[in-house]
Amino acid sequence: MTEPREEMEFDVVIVGAGPAGLSAAIRLKQLSPDLSVLIVEKGAEVGSHIISGAVIDPSGLDTLIPDWRTHETPIKTAVTDDRFLWLTEKSAFPLPGFIMPPLMSNHGNYIVSLGNVCKWLASEAEALGVDIYPGFAGAELLVEDGVVVGVATGDMGIGKSGEPGSNFARGMALKGKYVLLAEGVRGSLTKRAIAQFGLAKDADVQKYGIGFKEIWQVTDANHQPGLVQHTLGWPLQDSVGGGSYIYHLEDNQVAVGFVVHLNYKNPYLSPFGEFQRLKTHPAIKTTFDGAKRLSYGARAISEGGYQSIPRLAFPGGALVGDAAGFVNLPRIKGSHNAVLSGIVTAEHVAAALAAGRSGDTLADLDAALRAGPVGKDLHKVRNVKPLLSRFGTLLGMGLAGVDMWCNTLFGRSPFGTLRHGKPDHATLEPASLHQPIDYPKRDGVLTFDRLSSVFISGTNHEENQPPHLHVADLALQKSSELDIFAGPSTRYCPAGVYEWVDGTYVINAQNCVHCKTCDIKDPNQNIDWVPPEGGGGPNYVNM
Amino acid sequence: MTTLLLAEHDGKTLNEATAKALTAAKLLGAPIHVLVAGQDIAAIVNAAAKLDGVAKVLRADAESLAHQLAEPISALLVSLAGSYDAIVAPATSTGKNTLPRVAALLDVMQVSEVSKVIAPDTFERPIYAGNAIETVQASGKLVLTIRISAFTATGEGGSASIETVAVPTDASTSQWLGNELSASVRPELAGARVVVSGGRALGSAEQFEAVLAPLADRLNAAIGASRAAVDAGYAPNDLQVGQTGKVVAPELYIAIGISGAIQHLAGMKGARIVVAINKDADAPIFQVADFGLVGDLFTLVPDLVKALE
Amino acid sequence: MKILVPVKRVVDANVKIRVKPDGSGVDIANVKMSMNPFDENALEEALRLREAGTATEVVIVTIGSEKAAETLRAGLAMGADRAIHVKTDAARIEPLAVAKVLKAVIANEAPDLVILGKQAIDDDSNQTGQMLSALLGWPQATFASKIVVGTGTIDVTREVDGGLETLRLALPALVTADLRLNEPRYASLPNVMKAKKKPLDETSPETLGVDIAPRLKVLKTTEPAGRAAGILVASAQELAAKLKQAGVL
């Protein structure tokens, strides 16, 4: 497609209306009300593609909008009870609160729908004059002379064959003096920027997990608003990292979810299957007696932490929020860091613009972030993920506890800073070394199959468009992904996008919930996730 | 206390939709008059008079009614409305086209697509493409269209009296130019009485056509497809039934080689009778099928065509 | 020729609606809302007629709360020239009331052609166009799949049970759009940006002198009964017999 694009210029162009992008926009307008700030968002609405547990630490909001408690917000349910269980197949063992490092406490935190929080932040941003355009994906980084000068939105109305259809609309070039990539974990433009500018060359590999979430409407008897419960252990084997969460929100709604670390080795493992199985545990299933499942979604999560943070600033812009990987794994939280990184980035951008600069590299940003609250939050827990990876969940958590206590009490750890080892796509072992896992049949009441799950995520893509999941080498997919690894994509994909049908790789791109797991976990890095037509993807509600 | 039912016909024969709407109309508990509006409609009038439970058939025979245009038929219905408490029509394209005009001219709200009569003034109707059911209560004169797939047809057995009614002068400025009825062509998917749908198990575009067409021809059915079949290139996009395709509510839906993912069920769960033919006895389609046939579709479908001869 | 296109804000077609457990309705809190898809077809057709030089102005109108302005912005972004917002916070506005409000708007705007969606995908009434046509005394062509403009007339091809039918209507006339009428365009980002700044004409049912109180009483809203599994038959012959019995052949 070479047809010229219409162009518009802004002071700052932000890709992604999540907590990071919205916070950056709000801070920019707070500091310099006259700046033109534009956000494009691939979801059909702000919040449509946001999925998170979520228990949020309000420290980010306290900094961004100190009087937020007096605003009309969807942040309503304070955490009142915080439990941690170790599960075996039949039993649950509560971990006493006193052995938990204080940083893991949820006192003062809130159970929210992060999607609804983003909708609220968007209204705050728009009130300050930020222009937010959902339904438009940032599809291409515009780079001139080694400087990012903007992004182009995707073309619309392209037919399956790649030819423009009758309703074709060319994307638009959105030029900014600075471009902030706030795409969340494994952003597609972020991936390009990291590669083009070598942003990750001094960082450890990024690590990931896949997180699932369902919202249920439970009976009055099973509803305890403010209750937060996490579990480790069953149904995962000790060598596979992950765990569950159950959060009781307002209005009889309960969020239940599961995270599986993507460094698992057995290609037969189905993270989705493990999640469905979790709900059948005696200590968990009673919550869902007489309840109804309302929604479902999944999203990759960054887990690399402190040592995996790439360089944030590049010529003409910066990575913001989880695009750079700011999740605190033991706290199972990242949105506070997303907000805080948005703030610190906005402060550097506003200062640069005030000094008449544009299109340069924000030289002090990286140091400021690492020295600030985000860096401190992540530095304390930097060894948790490597310890889990090396020693398994049980021993790993014990050692991680020691490590976190040392960091808390003495400001340093006997482990120093551990490295992560292999990237997640390289951890799969050939199927011949493993046995297939027989997941129980779904009952359609407590446990479900993938397609009926995707159905309630509201996922849709305009049908007549080229698939947005690019397999670089189909022959390799067959000879390796199928023949050696027994088709792990048919199991790791939470939406049933991938099928092997008689040796043919069928890609049901329409089902894609934009979790990015395939882009991360495919053993040959043979799948490239690119944004589909704007507005496509899940339509998450209250997620 | 009388109900007036607008007969559905094609100018030659009485359509079965009339007998189905009659079943619903009877539940209002009042005597029923059937209005046959058209030109040269003696045979239709006689057929209507034979329907069980019809007290009287009104014959409105005029050139202006020949093409069942909404304006003259609604004017006719309004001219008769004074003697009736309820005006009912099947929710066919004619009924849907005409009855809201009558309601507006009488200044009442119509209840569209009644799927269940709860009480003579209280009705169920599907909303949100059948994903919710609304129960509404009407007051005053009733204007109802009836979802025909929700009612079985009333049989014959009556011998109603026949009365000719005056047809108001046609003041409308619509002119009928022509039609293109799909007698030889298959019926349009969204409105078809019978739908024969195929899935990925058909294996190829050629087999999709070769297996399904004889059955569809036999039943005068529209052909549909699952998304997997469309994605595999066996059928064009516009045949897709399901969440992202068409939502159909035929009287008979025959799913052939379709596993029955919820995305597909969303498009056909309003069908009255669902038949599934699939080799996988565990396929979810059997959980919603009234009649299931487990086995090889390549032999069972031709067998069915033969059995239907 | 001036064309008026009434548009409705509805729950987006991709949203899986949830019936509230207390039967009080469908939960639309926080769900994505969009322009009714059939109205998009109607607007697209009007825009094409303007682009073909047949129409000179395309005006859109909606009835609803403050938020319905978003739907008008979406219509302006597609290319409508002007937008009228009949503001009301009424929770339920029935087709009859909508038709009466539109009749009052039409008295002011005097369009030559009204095109609207054949039905809204929320209440699925399929009434507004027909009611409005009857109240105006204008000729109607519902379920249109093709519109050809003549001199003082339009020829409309309609999708009817069992085929197609073509009518010639004298203008002014009313048409309701079916999905096959056209493929609606995407609003481009520049147009979405411009639409954000366009003014909306505002009025209200009270100003127009229309009583919009509902006539029907909604007693409850429930989930449809799920389908239950039926029986397995042993052969094609048995199946044919069962279908005969069920009266669907």
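**Figure 1. Helices, strands and overall dimensions of chain A in the predicted model.** Chain A contains 14 helices and 24 strands. Its radius of gyration is 22 Å, close to the 24 Å given by the globule rule for 543 residues, so chain A is as compact as a globular protein of that length. Taken along the principal axes, the box filled by the C-alpha atoms of chain A is roughly 65 × 55 × 45 Å. Of the 543 residues in chain A, 57% are buried. Among contacts in chain A with a separation of 6 or more, 78% are between residues 24 or more positions apart. For the model, ipTM is 0.94 and pTM is 0.93.

**Figure 2. Domains of chain A.** The domain assignment lists domain 1 as 7–67 + 115–204 + 306–379 and domain 2 as 77–111 + 206–302. Domain 3 covers 383–417, and domain 4 covers 430–529. The centres of domain 3 and domain 4 of chain A, taken over C-alpha atoms, are separated by 34 Å.

**Figure 3. The contact of chain C with chain B.** Chain C gives 60 residues to this contact and chain B gives 68 residues. On the side of chain C that touches chain B, the elements giving two or more residues include three helices of chain C: H3 (95–109), H4 (128–136) and H7 (236–246). Strands of chain C that also give two or more residues are E9 (140–149), E10 (153–160), E11 (163–170), E14 (217–222) and E15 (231–232). E11(C) gives the most to this side, with 8 residues. By class, the side of chain C that touches chain B has 30 nonpolar residues, 15 polar residues and 15 charged residues. Chain C has an average pLDDT of 95, and 100% of its residues score at least 70.

**Figure 4. Strand pairing between chain B and chain C.** Strand E8 of chain B, residues 132–137, is joined to E14(C) by 5 bridges. The two strands run antiparallel. Within this pairing, Thr135(B) stands opposite Lys220(C), a residue in E14(C). E14(C) is also one of the elements that give two or more residues to the side of chain C that touches chain B.

**Figure 5. The contact of chain B with chain A.** Here chain B gives 7 residues and chain A gives 8 residues. The residues on the side of chain B that touches chain A divide by class into 2 nonpolar, 4 polar and 1 charged.

Terms used:
Residues numbered from 1 in each chain as written. Chains lettered and ligands numbered in written order. Predicted model: local features only at pLDDT ≥ 70, side-chain atom pairs only at ≥ 80, totals over all residues. pLDDT = per-residue confidence, 0-100. Contact = placed C-beta atoms within 7 Å. Helix = DSSP H or I, 4+ residues; strand = E, 2+ residues; numbered from the N terminus. Nonpolar A, V, L, I, M, F, W, Y, C, P; charged D, E, K, R; others polar. Pairing = 2+ DSSP bridges. Rg over C-alpha atoms; globule rule 2.2 N^0.38 Å. Buried ≥ 20, exposed ≤ 12 C-beta atoms within 10 Å, placed from the backbone. Domains from an automatic or database assignment.
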